[in-house]
Amino acid sequence: MKRLLAIGEALIDFIPAETGKEMKQVSAFAPAVGGAPANVCGAYVKLGGEASMITQLGDDPFGEKIADEFVSCGIGCEYVKRTKEANTSLAFVALKEDGNREFSFYRKPGADMLMDPSDIQESWFSDIFGLHFCSVSLGDFPMKEAHRQAVRCAVEAKALVSFDPNLRFALWDDLDALKNVIHEFAPMAHVLKVSDEELEFITGCKDIKEALPQLLTNNTRLVIYTKGSDGAECYTRQASAFAPGEKVKAVDTTGAGDGFIGSFLYCLSADGITADTLEDLTKEQMERYLTFANRFCGKSVMGHGAIASYPTIEEMEKN
């Protein structure tokens with residue numbers, strides 16, 4: 001299998017000691033390594049693939065914690081830069097009584113935001129499987145342009161490009177700016193993952209089939225639509241598929257969506273699927289990949305944390 005690269009934020013998630021409370025009511029938080037692109041790398045690696053993260057960390061203890069955890073779980077750090085200009089980004093998370101998460105971010109700026117496009121080298125992208133990215137690092141700061149450069153390099157190298165918007169409204173003062181940047185970057189990706197909670201904001205449509213003409217445009221050849229415990233759907237211009245969700249007792253849903261796309265990308269890579277062959281996927285192939293990714297998520301949410309809860313390929317093969 002070829003290597004997966006992901007670009008974007010790597011940060012410390014402060015996980016609440018109690019659930020069912022608003023942020024202001026939580027008595028204590030525990031630090032855990034997070035950031036959606038890093039989680040995707042973690043899922044890919046846990047299953048037996050090779051993945052490296054493109055990001056920038058602060059020259060501080062939290063940056064050390066992230067780098068150490070990357071090494072311990074096998075995520076490549078060769079493209080991780082360090083800076084004294086800003087601290088490593090932090091995110092505090094609370095799980096409210098209604099099940100929704102509440103976020104408070106400390107990155108004004110965070111070290112990841114200051115990564116410059118000149119830091120991105122074309123040689124990194126030779127002979128890789130793909131590049132994955134999200135929207136958290138697409139604000140009006142240098143990392144946005146670093147993403148643009150990375151996507152350009154990946155496309156020129158004939159690698160598959162994957163985008164999960166992974167919307168975090170708390171990071172944006174102007175939601176129209178968020179919507180605009182999604183519309184700008186989504187068509188650059190060959191694979192686009194959208195959740196049922198994001199669809200209407202991004203497209204103005206409540207129905208995925210109504211939204212597809214907006215999503216399957218330009219470079220985009222495969223749209224993945226996730227619906228939590230209700231399962232997931234896949235669409236190309238020629239075929240579609242559905243797989244039901246896993247019915248499990250969830251303990252912690254942190255990183256579940258990242259685990260889904262990470263395990264789905266693993267399936268594509270394991271089968272030798274490329275950007276040029278995505279449109280040839282059959283209904284049966286897509287059903288198999290969706291079922292695997294749903295099962296991966298089902299196992300993940302029964303444990304605590306993101307990467308720490310992701311199953312290995314051996315654990316996936318067990319009943």
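# Questions on a predicted structure

Q: In which helix does Asn 294 lie?
A: Asn 294 falls within residues 283-300 of this model, a stretch assigned as a helix. The model is predicted: local features need pLDDT of at least 70, side-chain atom pairs count only at pLDDT 80 or more, and totals for chains, interfaces and linings use all residues. Residues are numbered from 1 along each chain as its sequence is written, and side-chain values use heavy atoms, with hydrogens and water left out. Helices (H or I, at least four residues) and strands (E, at least two) are DSSP runs numbered from the N terminus, and the helix that holds Asn 294 is α8.

Q: Is Asn 294 buried or exposed?
A: A residue counts as buried under 20% relative accessible area, as exposed over 50%, and as partly exposed in between (1.4 Å probe, protein chains only). The relative accessible area of Asn 294 is 6%, so this residue is buried.

Q: Which residues are in contact with Asn 294, leaving aside its neighbours within four places in sequence?
A: Contact means heavy atoms within 4.5 Å. With those sequence neighbours left aside, the partners of Asn 294 are Gly 231, Ala 232, Ala 243, Pro 244, Gly 245, Glu 246 and Phe 260.

Q: What is the relative accessible area of Cys 41, and what is that of Cys 297?
A: Both cysteines are buried. The value for Cys 41 is 0%, and that for Cys 297 is 14%.

Q: Is α7 oblique or roughly parallel to α8?
A: The axes of α7 (residues 256-270) and α8 are 8 Å apart, at an angle of about 140°. Because angles under 35 degrees count as roughly parallel, over 145 as roughly antiparallel, 65 to 115 as roughly perpendicular and the rest as oblique, α7 is placed relative to α8 as oblique. Such axes are lines fitted to C-alpha atoms, for helices over the stretch in contact, with angles from 0 to 180 degrees between N-to-C directions. The term for α7 and α8 is therefore oblique.

Q: How many nonpolar residues take part in the contact of α7 with α8?
A: The residues of α7 that meet α8 include Phe 260, Phe 264 and Cys 267, and among those of α8 are Tyr 289, Asn 294 and Cys 297. The contact has 3 polar residues and no charged ones, and its nonpolar residues number 12. Here Ala, Val, Leu, Ile, Met, Phe, Trp, Tyr, Cys and Pro count as nonpolar, Asp, Glu, Lys and Arg as charged, and the others, Gly among them, as polar. By that division the nonpolar count is 12.

Q: Is the crossing of α1 and α7 left-handed or right-handed?
A: The axes of α1 (residues 36-46) and α7 come within 8 Å and cross at roughly 45°. The two helices are therefore oblique to each other. A crossing is left-handed if the near helix is turned anticlockwise from the far one by less than a right angle, and right-handed if clockwise. The crossing of α1 and α7 is right-handed.

Q: Which residues outside its sequence neighbourhood does Val 40 touch?
A: Val 40 lies in α1 and is buried, with a relative accessible area of 1%. Not counting residues up to four places away in sequence, Val 40 touches Leu 4, His 132, Asp 258, Ile 261, Gly 262 and Leu 265.

Q: What is the phi of Asn 166?
A: Asn 166 is found in the loop between β9 (160-164) and α4 (175-185), and is buried at 11% relative accessible area. Although Asn 166 is not a glycine, its phi is positive, at about 45°.
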